[in-house]
Amino acid sequence: MEEGAAAPSDETTGHDIELAIVTLRFDAADPASLLAVLSKYVVLTRMEPGCRNVDLCASYTHPGRYLLIQKWDSVEAQRAHFDSPVMVEMAKSCTGLLSAPPDIDLWRSEEHTSELQSHSDLVCRLLLEKK
């Protein structure tokens, strides 16, 4: 976002958007069964109130490791989902399928993404120059 630019707003309410972002990392003892559980969870979660998006990713470098990335309208919507039947069912369905407890983290979007982008661009240029 450019300096001095207004934060995005929800056109229906006029309020600024404060996204809650959650990551859940799973290491599978039974990858095929865990993938089935997480795939169902993604479909059901996308229908939950306040859910903006959910992505399911598989690691190239750690076979059997899966990452869920969730974006919520608010921290309140995210918390309500964590107490929901959809989340409880997924957690129960993971019994015996994981090699370790999942790693769960709550993130927030930063206002100074342009600063982060410029650092990212610099790193990319440096990596490309080394080829």
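L68 touches V22, T23, L24, F26, L38, Y41, V42, V54, D55 and L56, leaving out residues up to four places away in sequence. That is in a predicted model, so keep this in mind throughout. L68 sits in strand β3. Is L68 buried or exposed? Its relative accessibility is 0%, so L68 counts as buried. One of its contacts, D55, lies 13 residues away along the chain, and the C-alpha atoms of L68 and D55 are 5.6 Å apart.

L68 also belongs to the largest nonpolar core, which has 21 residues. Which members of that core touch the most others? They are F26, L34, L38, L68 and M90. Two of these, F26 and L38, are also on the contact list of L68. Now, where does the core come from? Two or more residues each are given by β1, α1, β2 (51-58), β3 and α3 (85-93). Helix α1 supplies the largest share, with five residues. As background, nonpolar side chains in soluble globular proteins tend to be buried together.

Next, strand β1, which covers residues 20-27. Seven of the eight residues in β1 are buried, leaving the strand mostly covered. What does β1 pair with? On one count, β1 is joined to strand β3, residues 65-72, by eight bridges, and the two run antiparallel. Within that pairing, T23 stands opposite I69. β1 also pairs with strand β4, residues 103-108, again in the antiparallel sense, over six bridges. There, I21 stands opposite W107.

Stay in β1 for one more residue, D27. D27 has a relative accessible area of 16%, and the cut-off for buried is under 20%, so D27 counts as buried. Which side chain does D27 meet in a polar contact? The partner is R65, and the contact between the two side chains is 2.6 Å. R65 is in the residue range of β3. Beyond its neighbours within four places in sequence, D27 is in contact with G64, R65, L97, L98, S99 and A100.

Stepping back to the whole chain. There are four helices and four strands, and along the sequence they follow the pattern β-α-β-β-α-α-β-α. Of the 131 residues, 25% are buried. Among contacts with a separation of 6 or more, 67% are between residues 24 or more positions apart. The accessible surface comes to about 9,100 Å², and carbon and sulfur atoms account for 56% of that.

Last, confidence. The average pLDDT for the protein is 81, and 71% of the residues score at least 70. Where pLDDT is low, the predicted coordinates should not be read in detail.

Definitions and conventions: Residues numbered from 1 in each chain as written. Predicted model: local features only at pLDDT ≥ 70, side-chain atom pairs only at ≥ 80, totals over all residues. Heavy atoms only, no water. Buried < 20%, exposed > 50% of the residue type's maximum accessible area, 1.4 Å probe, protein only. Polar contact = N/O pair within 3.5 Å; in protein donor to acceptor, adjacent residues only side chain to side chain. Contact = heavy atoms within 4.5 Å. Pairing = 2+ DSSP bridges. pLDDT = per-residue confidence, 0-100. Areas by Shrake-Rupley, 256 points an atom, 1.4 Å probe, with all protein chains shown as cover. Core = buried A, V, L, I, M, F, W, Y, C linked by side-chain atoms within 4.5 Å.
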